[in-house]
Amino acid sequence: MGSSELLIVLDRDSSTPLQQQVCDGITELVGSGRLRPGEAVPASRELAQQLGVSRTVVLRAYELLRAHGLLTARRGSGTRIAELAHDDARRREHRPVRTALAPQPPRATDGGDALWQPWEPPPMRQSGAELDFRHGTPALANFPVSRWRQSLHEAYARADAAALGYGPAEGSPALRAQIATLVRQSRALDATPDHILVTSGATQALDILVRLLVGPGDVVVIEDPSHTVLRQVFGSSSATVVPVPVDEEGLRVADIDERVRAHGQDPARVRLVYVTPSHQFPTGFIMSEARRHALLAWARQRGATVLEDDYHNEFTFASERLPALAAARHHDTVVYVGSFSKTVFPALRIGYAILPPRLVQPFLGIKWITDRLTPTITQEALAHFIATGAYGRHVSRMTRLYRQRRACLLDGLYEHFGAGVRISGAAAGLHVLVTLADARGVAEDEIVRRAAARGVRIYPASGYFVQGPPTEPTFLMGYAALPAARITEGVDLLASAVREAAAPR
């Protein structure tokens, strides 16, 4: 149905003139709230064609409605429902209170199990007064919108009928070729475009892999701590999800078999192991070479697939970078997942998976029936953005900016808390994990509440741990979206909130 159509039914056998029936129909639509003040009605010629009447009938009906104050007509803006009808329309309808929609688990889980709690809090609505240290939010205000617009314009200028239709489910050939170049140069991962499939964000890639690789009686191993949304992705499957602890070297591979058996499962049933080796979430630890070798050896022995989520790998501040896990010699056991959400912007919704040959066709089959395709023109624009060097320049600028903002946050935390603060994850990514040792005994929620009263939003880390949550107040603090001056102000206010919460009563 076209947006300009009106549901008006005319009775040609009635003694009521057609123009009056049109008037009555529009009046009823306004009274029921289906037409609202300020909304446009169809042009007279268009409505006449829709109703199968002469244009004169509609013109006379519109004249009557304007005479009764129900319609207004202005040059350049068409004919619209008058604002004077607002009060009458409001009395006739009961509008529900608009609240933000909140996600719920797609299948029943144990609400008391730490594995499923909590859901991510919604982003704070920015009014300019809040200081939101939310993790995972890039510096969107610094994105080169005008340059991106040029790539979009170029993509639409070159678009033919095929580009505007249903494109290939595996993604744009141009974008897949550019991704192959990016991961070869920055992650030492030599993959052909035939093994690269474009997805609607990294989350879709994870979801498809779960559908593809695990079934009833199988086991999925995840890191502990880990992202709560990730747990729900895996928890939506029929597999058993087993959290395994991490330490400063990454996933404790030697603990996998023991943890799986503790859940009453056979380690031979492990089908998928999820890791974030470049920047573990939320600790920020980088997986050591020894652990990487151990994990790949374990996966080959058990016949399991390793799912490498390489988020934040573009923003590394350490002097030495390790290649992707999938770049190892036996990379056929690893699926590599990446995304442009943090390097470009989250609303782009473009991610990708780099797959061993055995998984390409089955993965594509699930992508085909669940999503069909990721928007083709947007992919072409991104390919152009990368090929012209705009993407590389943007990432370089953002790395310098994030390095400055990270330094500002660390300096402020050490200035206020000194030896009483422990920080991990500063070597990469867009957040750090902050432990306030001097505030032991003070509840995280109390610090959060007092900080919020000062206009500062921070995020407790305990919910990311399934077992062994921190015994001291620990927070995930993102810094990428806040200017340096705001970071300094926010840390000052946070320190004040912590002192107040820790003060003897």
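Which residues are exposed on the other side of helix H5? The model examined here is predicted, with local features requiring pLDDT of at least 70 and side-chain atom pairs counted only at pLDDT 80 or more, whereas totals for chains, interfaces and linings use all residues. Residues are numbered from 1 along each chain as its sequence is written, and side-chain values use heavy atoms, with hydrogens and water left out.

Helices (H or I, at least four residues) and strands (E, at least two) are DSSP runs, numbered from the N terminus. Helix H5 comprises residues 145-158. Within H5, Arg-147, Trp-148, Ser-151 and Ala-155 are buried (under 20% relative accessible area, 1.4 Å probe, protein chains only; exposed is over 50%, partly exposed in between). These residues cover an arc of only 105 degrees around the axis, which puts them on the same side of H5; the arc is that of the directions from the helix axis to the C-beta atoms. Arg-149, His-153, Tyr-156 and Ala-157 are exposed on the other side of H5. The cover over the buried residues includes helix H13 (376-387) and helix H14 (390-417), contact being defined as heavy atoms within 4.5 Å.

An open sheet of mixed pairing is formed by eight strands in the order S4-S11-S10-S9-S8-S5-S6-S7, where two strands pair if DSSP finds at least two bridges between them. Strands S4 (196-199) and S7 (250-251) stand at the edges, each with a single partner strand, so one side of each lacks a neighbour in the sheet. Strands S8 (residues 270-275) and S9 (residues 305-309) pair in the parallel sense over four bridges; Val-275 has Glu-308 in S9 as its bridge partner.

Definitions and conventions:
The expected span of a helix is 1.5 Å times one less than its number of residues.
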